[in-house]
Amino acid sequence: MPVLDAALLGLLGLLVGSFLNVVIHRLPRMMELRWAAECAQLQNTSDSDPAPATAPFNLMVPRSRCPHCGHQIRWFENIPVLSYAALQGRCAGCSAPISTRYPLIELLNAGLFAWCGWRWGLTATALAWSGFAAAVLALAAIDWDTTLLPDDITLPLVWAGLVAAALDLSGTSLPQALWGAVGGYLSLWLVYWGFKLATGKEGMGYGDFKLFAALGAWFGWPALVPMILMASLIGAAVGVGMKVFSQLREGGYVPFGPFLALAGLTAMVFGPTSILATIGL
């Protein structure tokens with residue numbers, strides 16, 4: 001029953017999407033705090049006084065609060081999509097607007113999960129690809145906000161792709177997945193160093209290498225060329241559009257990770273070969 005399978009996984013996707021919003025918001029901050037703690041530890045190695053203790057901050061604690069008034073989000077204000085609609089997109093404490101990104105992430109993740117349920121039913125394969133979609137969606141949002149692609153997500157995604165291939169859950173053979181990971185990483189690594197040697201500037205970050213390696217692990221090396229073409233063309237078009245409308249950020253950069261993520265999700269839904277037809281090749 002594809003409809004029932006899609007509905008059940010879509011409901012799970014809503015719940016996971018709510019958690020993704022926490023990951024997108026908190027994981028970059030957790031990284032910054034970790035870096036600050038490491039710097040403080042290095043500075044205090046010659047001092048007798050220990051570094052001051054800080055309050056725990058992770059994906060579980062503290063409880064979510066409104067950034068404007070500090071209102072603690074109650075459980076019935078945190079129901080995916082429904083709470084946003086009931087609150088009319090505003091904080092219950094101070095009526096400050098709540099970003100539309102929260103329900104959009106929940107709905108998009110629910111749609112991806114539902115598609116996996118429709119395509120593969122309630123199977124381990126559907127759960128594997130649902131996990132892939134959730135991870136890629138979180139990476140896209142984090143990179144767009146911060147230009148960071150956390151190792152906490154990219155590296156497990158590489159290994160998950162290899163394991164999924166070994167267990168015949170991704171439809172990709174293990175040799176293709178292995179060489180896809182290798183080719184994905186090395187291809188962008190070579191582009192990075194070629195650009196840096198030619199211009200003295202860094203055109204992308206190491207997180208892009210790892211994300212492309214993860215896509216290679218999930219789809220295999222034959223899918224690398226279609227995905228990089230799609231990501232590059234759409235990224236260039238968006239970058240030109242942002243420049244024309246003066247929307248480029250300080251430094252004139254456009255993160256590449258979201259476009260790699262878009263190519264990966266397109267390959268999951270329509271197949272890697274369809275990408276070439278989509279871009280007219």
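## Basis of the description

Local features are reported for this predicted model at pLDDT of at least 70, and side-chain atom pairs count only at pLDDT 80 or more, whereas totals for chains, interfaces and linings use all residues. Residues are numbered from 1 along each chain as its sequence is written, and side-chain values use heavy atoms, with hydrogens and water left out.

## Packing of helix 1 and helix 4

Helix 1 covers residues 2–43, and helix 4 covers residues 124–146; helices here are DSSP runs (H or I, at least four residues; strands are E, at least two), numbered from the N terminus. The axes of helix 1 and helix 4 come within 10 Å and cross at roughly 30 degrees. Axes are lines fitted to C-alpha atoms, for helices over the stretch in contact, with angles from 0 to 180 degrees between N-to-C directions.

## Salt bridges

The whole structure contains six salt bridges, each defined as a side-chain nitrogen of Lys or Arg within 4 Å of a carboxyl oxygen of Asp or Glu. One of them pairs Asp 152 with Arg 34, with the closest N and O atoms 3.9 Å apart. Because Asp 152 belongs to helix 5 (residues 151–166) and Arg 34 to helix 1, this pair ties together parts that are 118 residues apart in sequence. Asp 152 is partly exposed at 44% relative accessible area, and Arg 34 is partly exposed at 36%. Buried means under 20% relative accessible area, exposed over 50%, and partly exposed in between (1.4 Å probe, protein chains only).

Arg 101 and Asp 145 form another salt bridge, at 2.4 Å from N to O. Arg 101 lies in helix 3 and Asp 145 in helix 4, so the pair connects parts that are 44 residues apart in sequence. Lys 196 is partly exposed at 26%, whereas Glu 202 is exposed at 55%.

Asp 5, in helix 1, is buried yet has no salt bridge. The nearest side chain of opposite charge is that of Arg 119, 11 Å away (Lys and Arg count as positive, Asp and Glu as negative; His and the chain ends are not counted). Beyond its neighbours within four places in sequence, Asp 5 is in contact with Gly 117, Gly 121 and Leu 122.

Ser 18, also in helix 1, is buried at 13%. Setting aside residues up to four places away in sequence, Ser 18 touches Asn 78, Pro 80 and Glu 106. Thr 125 in helix 4 is buried at 17% and touches Trp 120 and Leu 169, residues up to four places away in sequence not being counted.

## Backbone features of the loops

Most residues other than glycine have a negative phi, and most peptide bonds are trans. Val 61 and Pro 62 are joined by a cis peptide bond, with omega about -5 degrees; Pro 62 is in the loop between helix 1 and helix 2 (82–86).

Val 81 lies in the loop between helix 1 and helix 2 and has a positive phi near 65 degrees. Val 81 is partly exposed at 23%. Gln 88, in the loop between helix 2 and helix 3 (101–120), has a positive phi near 55 degrees and is exposed at 69%.

Definitions and conventions: Contact means heavy atoms within 4.5 Å.
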